[in-house]
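Look at the fold below.

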Amino acid sequence: MNSHPEGWAQENTVLKDSVVWGPGFSLGTTILLALALLSSSCKSGTPVTATQAVLDSADQVLIGMTHYVTESGVLRARVRADTAYFFSNTQRAELRNVHVTFYDQTGRPTSTLTSREGTNHWRTGDMEARGNVIVIRDRDGATMKTELMYYNQVRNEVSSDQSFVWDEPGRHVQGDGFTSDPEFKKITAKRPHGTGGQFLLPNQ
């Protein structure tokens, strides 16, 4: 069995064409993998599906994955996914059904992110979330919604170059991109407009 990057916890492992069932295996993932394997075994010579192509090229597939991102021994983020496809040559993992919890320097959770899929660069700790990305701030339930969001571990910063909607008590803002800390205490937005206060404009 191939070793997986340090800091990754796994419930079950799928290597190439074998399937292991377990508590981390969602119904949606089960159906996708079953269809992909059925297509491969019963329809030889036909074009493979996108899911099968990922299975064939991934070095390792984890079902029910948890990954802890730390900085100087301090937990900064916990990444969970229904399925993670590992690619050793690019040192990345492609994730499906993503759930990320961010923590401050004292280890207190500050916000949670969910998305349909994402990419984790395990050597740098940088991440990308894609598809119905929603971040909820723990202390007051404020929400950030967009289709694409990046996390830079070194800067401990989240950002997007896509349109977004931000809602918090007493304020509703939309814009064409933003940069913020994971707690969304200080948000720099591109072309913001809305009600209930002002966002910082990006530096020119």
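Two strands count as paired if DSSP finds at least two bridges between them.

This is a predicted model; local features need pLDDT of at least 70, side-chain atom pairs count only at pLDDT 80 or more, and totals for chains, interfaces and linings use all residues. Residues are numbered from 1 along each chain as its sequence is written, and side-chain values use heavy atoms, without hydrogens and water.

Now move on to strand β6, residues 126-137. β5 and β6 run antiparallel, joined by nine bridges. L113 has V135 in β6 as its bridge partner.

| Hairpin | Residues between the strands | Glycine and phi |
|---|---|---|
| β4 and β5 | five residues | G107, near 90° |
| β5 and β6 | four residues | G125, about 85° |

What does the secondary structure of the whole protein chain come to? It comes to two helices and 13 strands. Both are DSSP runs, numbered from the N terminus: helices are H or I with at least four residues, strands are E with at least two.

The protein chain has 204 residues, and 43% count as buried. Buried means under 20% relative accessible area, with a 1.4 Å probe and protein chains only. The protein chain exposes about 10700 Å², an area from the Shrake-Rupley method with a 1.4 Å probe. Carbon and sulfur atoms supply 51% of it.

Key: Buried < 20%, exposed > 50% of the residue type's maximum accessible area, 1.4 Å probe, protein only.
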